[in-house]
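Dear colleague,

Here is the structure I said I would pass on. My notes on it follow below.

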Amino acid sequence: MQVYQLSIGAACGLSWPADRIIIQVLDDSTDLTIKSLVEQECKRWANKGINIKYEIRDNRNGYKAGALKEGMKHSYVKQCDYVAIFDADFQPEPDFLWRIIPFFVNNPEIALVQARWKFVNSDECLMTRMQEMSLDYHFIVEQEVGSSTYAFFGFNGTAGVWRISALNEAGGWKDRTTVEDMDLAVRASLKGWKFVYVGDLKVKNELPSTFKAYRYQQHRWSCGPANLFKKMAMEIIRNKKVSLWKKLYVIYSFFFVRKIVAHIVTFLFYCIVLPATVFVPEVEVPKWGAVYIPSIITLLNAVGTPRSLHLVIFWILFENVMSLHRTKATFIGLLEAGRVNEWVVTEKLGDALKTKSGGKAPKKPRIRIGERLHLLELAVGVYLFFCGCHDLAFGKNRYFIFLFLQSIAFFVAGFGYVGTFIPTS
């Protein structure tokens with residue numbers, strides 16, 4: 001089955017009184033064939049008695065935020081108190097609403113209840129395993145801590161339910177950045193609304209399995225928060241509805257450390273500064289700063305996915321490679337440079353790879369060199385390899401072990417041997 005069939009089927013399969021639920025499918029696709037298929041799928045479910053609305057618009061202004069904003073304008077939405085949001089590849093279990101709506105009923109201060117993501121294709125390739133490790137830490141630690149200590153965390157954009165009155169009071173969906181979900185969450189929090197994260201409620205979804213799709217996603221996820229921080233920092237500081245401690249948490253921990261400093265420090269220290277010290281013997285980086293503390297932090301990050309603990313070395317090397325793109329995207333967001341509002345839909349393959357060949361051996365594809373080469377990764381790889389050679393010949397700290405491994409990781413990414421590769425046939 002295709003991704004849209006799985007997600008629409010899961011939404012229509014939600015257990016809830018039929019007269020008290022409306023399924024709204026917002027189709028922003030530019031592919032007329034896909035639009036036709038999605039519309040047919042909606043009609044198929046409508047013929048089964050499901051109250052489903054297929055909505056399209058004549059432009060893509062504001063991308064996801066624009067589509068959600070238009071979706072909330074329809075008259076039938078005024079009948080509803082809550083809105084559950086699922087991206088196109090998410091498949092909620094039938095009891096999703098029964099497990100999440102009770103949090104709202106006797107808690108009028110709660111605006112958002114967020115569920116956890118469960119990845120159906122985490123074993124597809126090594127890159128999806130790395131993503132699973134990073135995202136499991138995000139949900140198990142970051143979201144859980146934000147929910148339990150400050151009743152605030154960043155909305156993940158999907159697999160969550162909003163109280164519509166809170167959504168409207170916060171100003172609705174805005175398309176000023178590429179992280180409309182985080183934007184809404186911060187504005188609602190500044191109005192005094194609280195959030196709850198439910199870690200034992202999981203919604204199945206798919207990870208991007210091509211390096212190209214993952215790079216685009218990470219650009220958006222890194223550029224958007226930095227840009228939002230620039231736009232909202234003073235608004236957060238001036239706010240008088242939330243406590244000083246909560247403002248400090250949002251500005252310092254949520255935004256500054258996790259969304260800006262973490263990316264920049266990772267890349268500059270481990271991929272630029274530390275390698276450069278091999279040329280200056282007088283500069284000695286303390287072992288606790290170069291090895292011990294980073295190792296402890298890494299192990300704490302990895303405990304969210306115990307089954308992948310043996311992959312922690314690969315995860316470190318991969319995260320350092322991705323820190324290059326996250327750092328670049330962070331500066332683009334802070335400086336509001338050219339690609340600041342770039343929105344490329346994250347490609348999800350679904351069962352396409354399994355069904356494309358129809359069970360027959362696929363024809364040998366044509367591979368264009370330009371599709372696979374990534375010059376930035378190759379340039380950093382050359383730099384690290386050169387530093388490693390110098391340290392091997394003249395150094396005493398044995399950094400060359402790390403430098404050679406990290407340079408290989410950059411070369412592997414630079415030549416496109418990461419993730420699932422879908423060539424032009």
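**Charge and backbone notes**

Lys-191 sits in the loop that joins α8 (180-190) to β6 (194-205); helices (H or I, at least four residues) and strands (E, at least two) are DSSP runs, numbered from the N terminus. The model is predicted, so local features need pLDDT of at least 70 and side-chain atom pairs pLDDT 80 or more, while totals for chains, interfaces and linings use all residues. Residues are numbered from 1 along each chain as its sequence is written, and side-chain values use heavy atoms, without hydrogens and water.

Lys-191 is partly exposed because its relative accessibility is 37% (buried is under 20%, exposed over 50%, partly exposed in between; 1.4 Å probe, protein chains only). Together with Lys-69, Lys-174 and Lys-241, Lys-191 forms a positive surface patch (residues with over 30% relative accessible area and no salt bridge, like charges joined within 9 Å). The place of a Lys charge is taken as NZ.

Glu-55, in strand β2 (residues 52-55), is buried without a salt bridge (side-chain nitrogen of Lys or Arg within 4 Å of a carboxyl oxygen of Asp or Glu). The nearest side chain of opposite charge is Lys-53, 6.8 Å away; Lys and Arg count as positive, Asp and Glu as negative, and His and the chain ends are not counted.

Most residues other than glycine have a negative phi. Ala-151 has a positive phi of about 55 degrees, and Ala-159 one near 60 degrees. The loop between α6 (126-150) and β5 (160-163) holds Ala-151; Ala-159 is also found in the loop between α6 and β5. Ala-151 counts as buried because its relative accessibility is 15%; for Ala-159, also buried, the relative accessible area is 0%.

Regards

Methods:
Patch = residues over 30% accessible without salt bridge, like charges linked within 9 Å, V, L, I, M, F, W, Y side chains within 5 Å. Areas by Shrake-Rupley, 256 points an atom, 1.4 Å probe, with all protein chains shown as cover.
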